[in-house]
Amino acid sequence: MTGLEQKHNTGSSTATRLTCAVCFVVLCWLWIYVFQADTMAVKQHLLSKGHTTYERHVGAVVITMALLCVQQMVYVVASRIMARMSSFDNTNVFFSRYLWTHIIVTLALMLTIIFATGTDAAEHYADRVEMDIVRGQMTEALQHGRHSQETSPRLTMLRAYALARQGQLGDRFFTYATAGTAADLLPGRYSPADTARSALLLLTDSRTTTTIYPTDDIYRSLGAVPKTAMTADRFMQLLCSKDSVRRGNTHAPLPRMARDYQLVMLLMQRRLADFALLLKQSYKLGPTLPRHYREALVMYQHMTATPRVSYRDDATETDYADYQEMRKQYPEPAERHTKRLEQFADTYWYYYDYAPRLQP
């Protein structure tokens with residue numbers, strides 16, 4: 001190889017190395033800053049047990065620079081291996097050992113980073129929802145995964161809280177895909193065995209896991225903070241008993257948010273008779289009832305020969321008749337399920353018929 005050719009290869013190698021490094025930095029920064037910021041905040045909070053806080057801008061720069069160092073070290077090792085495998089290098093830049101070594105190393109590292117840091121869709125949504133709740137952005141929190149069927153108990157709980165804070169729990173809860181049981185709507189204040197079973201990944205008992213959004217704030221929004229371990233059903237039973245709840249040495253009216261939680265929990269348990277009685281005590285029955293409450297009452301009227309609560313809403317009756325008519329139109333269960341999913345997935349009726357019947 002002449003001196004001119006050697007100089008040309010050296011220049012091409014430097015340009016190739018610089019180009020791949022810039023592409024690697026840009027891709028890493030975008031992945032960490034745009035797509036993984038909320039997940040990184042959650043992970044750092046948990047790993048540090050709440051002692052440190054993830055700063056989006058600084059974190060993205062530091063992690064990207066660290067990954068760039070790794071990329072350069074891997075390149076050096078790969079280049080030496082390639083050099084031993086071949087005693088010469090092609091002068092054509094498109095067939096250069098240096099070019100393809102850089103491309104392969106960059107792509108391999110990027111795929112490794114994506115697969116290593118990627119989470120399933122439901123947990124990714126949950127991280128974003130929780131961080132928006134921490135920021136007080138309830139409307140934004142409810143947009144993540146809005147139309148996706150991917151969900152988890154933790155995501156369902158976070159959405160329930162954001163909806164309740166906006167007074168929309170009874171109107172929109174079942175418009176989202178749900179997971180878990182009624183007990184999973186509340187942060188764990190259970191016995192150790194129940195806590196392990198609850199499937200809540202982040203917002204658990206503050207005595208066992210540090211949380212980003214304080215669990216006590218959720219309970220205070222409902223009207224009281226449990227001081228001892230108890231199941232969610234027991235807590236709601238005590239909270240909603242009679243007409244008031246004790247706060248310290250005073251009595252105060254039960255927040256509407258707590259009533260909505262109890263009503264939705266009864267709906268998740270498919271306890272329509274209990275739901276109807278509690279609804280009658282909590283709301284004035286009429287066309288202004290939240291949407292899912294109207295749907296549940298209409299279903300209750302049709303499922304019970306002697307309903308303990310009378311209610312009629314013509315528009316909801318018509319929709320329910322269309323839902324029931326599909327039983328005749330599509331006698332095959334799988335086809336009927338598909339059609340109902342397309343047209344009624346955002347109704348309580350669909351949840352009642354098709355959501356898994358989990359033990360509380």
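Q: Thanks! Which residue does Arg 135 form a salt bridge with, and how far apart are the closest N and O atoms?
A: Arg 135 pairs with Asp 132, and their closest N and O atoms are 2.8 Å apart. A salt bridge here is a side-chain nitrogen of Lys or Arg within 4 Å of a carboxyl oxygen of Asp or Glu. This is a predicted model, where local features need pLDDT of at least 70 and side-chain atom pairs count only at pLDDT 80 or more, while totals for chains, interfaces and linings use all residues. Residues are numbered from 1 along each chain as its sequence is written, and side-chain values use heavy atoms, with hydrogens and water left out.

Q: Is Asp 132 buried or exposed?
A: Asp 132 counts as buried because its relative accessibility is 7%. Buried means under 20% relative accessible area, exposed over 50%, and partly exposed in between (1.4 Å probe, protein chains only).

Q: What about Arg 154, which residue does its side chain meet in a salt bridge?
A: That is Glu 130, at 3.2 Å from N to O. Arg 154 and Glu 130 are both buried. Salt bridges with shared partners also join Glu 123, Asp 127, Glu 130 and Arg 154 into one network.

Q: How many salt bridges are there in the whole structure?
A: A search finds 12.

Q: New topic: which residues is Phe 275 in contact with?
A: Beyond its neighbours within four places in sequence, Phe 275 has contacts (heavy atoms within 4.5 Å) that include Leu 263, Tyr 293 and Leu 297.
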